[in-house]
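Please look at the structure on the screen, and I shall take you through a few of its parts in turn.

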Amino acid sequence: MARTAPRAPVRTCVGCRRARDKRALLRIVRTPEGVCVDPEARLPGRGAYLCPDRDCIAAARRRGNSPLRRALRGAGQDETDAALDHLEAIVVHHRVPEGTVRSENA
Ligand SMILES: [Zn+2]
């Protein structure tokens, strides 16, 4: 019954296990079509969250991606490997979303 002030939703990174503002994290989601990266957190399905940090991605890869696979309720290693590769690429490229016009300095 108690009404609380709206707060930013908090999620736990599957790499470092820290709880953070959901908006500061990148989402991986398990959909009926497979596991994919969902940086804008719009897709329905069981999700897992990671800091935009390569150390956290490396931590999520431990033991055959088991932290991530557990969060996604048994997703396969192949599909979580691919999602982590994609997530790492996003982090390395400073989270430029697909479709964004990149500045060309050539
Ligand atoms: Zn983290």
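Let us begin with valine 29, which stands opposite cysteine 36 of strand β4. Please bear in mind throughout that this is a predicted model. A second pair can be followed in the same way: threonine 31 has glycine 34 in β4 as its bridge partner. Strand β3, which covers residues 26-31, is joined to β4 by four bridges, and the two run antiparallel. Together β3 and β4 make a hairpin, with two residues between them. As a general point, strands of a sheet pair through backbone hydrogen bonds, in either a parallel or an antiparallel manner.

Now to the sheet as a whole. In which order do its three strands lie? The order is β4-β3-β5, in an open sheet with antiparallel pairing. Strands β4 (34-37) and β5 (46-50) stand at the edges; each has a single partner strand, and therefore one side of each is left without a neighbour in the sheet. On average, neighbouring strands here are turned by 20° against each other, direction ignored.

Which helix packs on this sheet? That is helix α3, residues 77-92, and it touches β3, β4 and β5. The direction of α3 makes about 10° with that of β4.

Helix α3 also has a helical partner. Helix α2, residues 62-71, packs with α3 at an angle of about 85°, and their axes are 10 Å apart. The two helices are therefore roughly perpendicular to each other. From α2, the contact is made by Gly64, Asn65, Leu68 and Arg69, and from α3 by Gln77, Thr80, Asp81 and Leu84. How many residues of this contact are nonpolar, polar and charged? There are two nonpolar, four polar and two charged.

Thank you for your attention.

Notes. Residues are numbered from 1 along each chain as its sequence is written. This is a predicted model: local features need pLDDT of at least 70, side-chain atom pairs count only at pLDDT 80 or more; totals for chains, interfaces and linings use all residues. Two strands pair if DSSP finds at least two bridges between them. Axes are lines fitted to C-alpha atoms, for helices over the stretch in contact, and angles run from 0 to 180 degrees between N-to-C directions. Two residues are in contact if their C-beta atoms, placed from the backbone, lie within 7 Å. Angles under 35 degrees count as roughly parallel, over 145 as roughly antiparallel, 65 to 115 as roughly perpendicular and the rest as oblique. Ala, Val, Leu, Ile, Met, Phe, Trp, Tyr, Cys and Pro count as nonpolar, Asp, Glu, Lys and Arg as charged, and the others, Gly among them, as polar.
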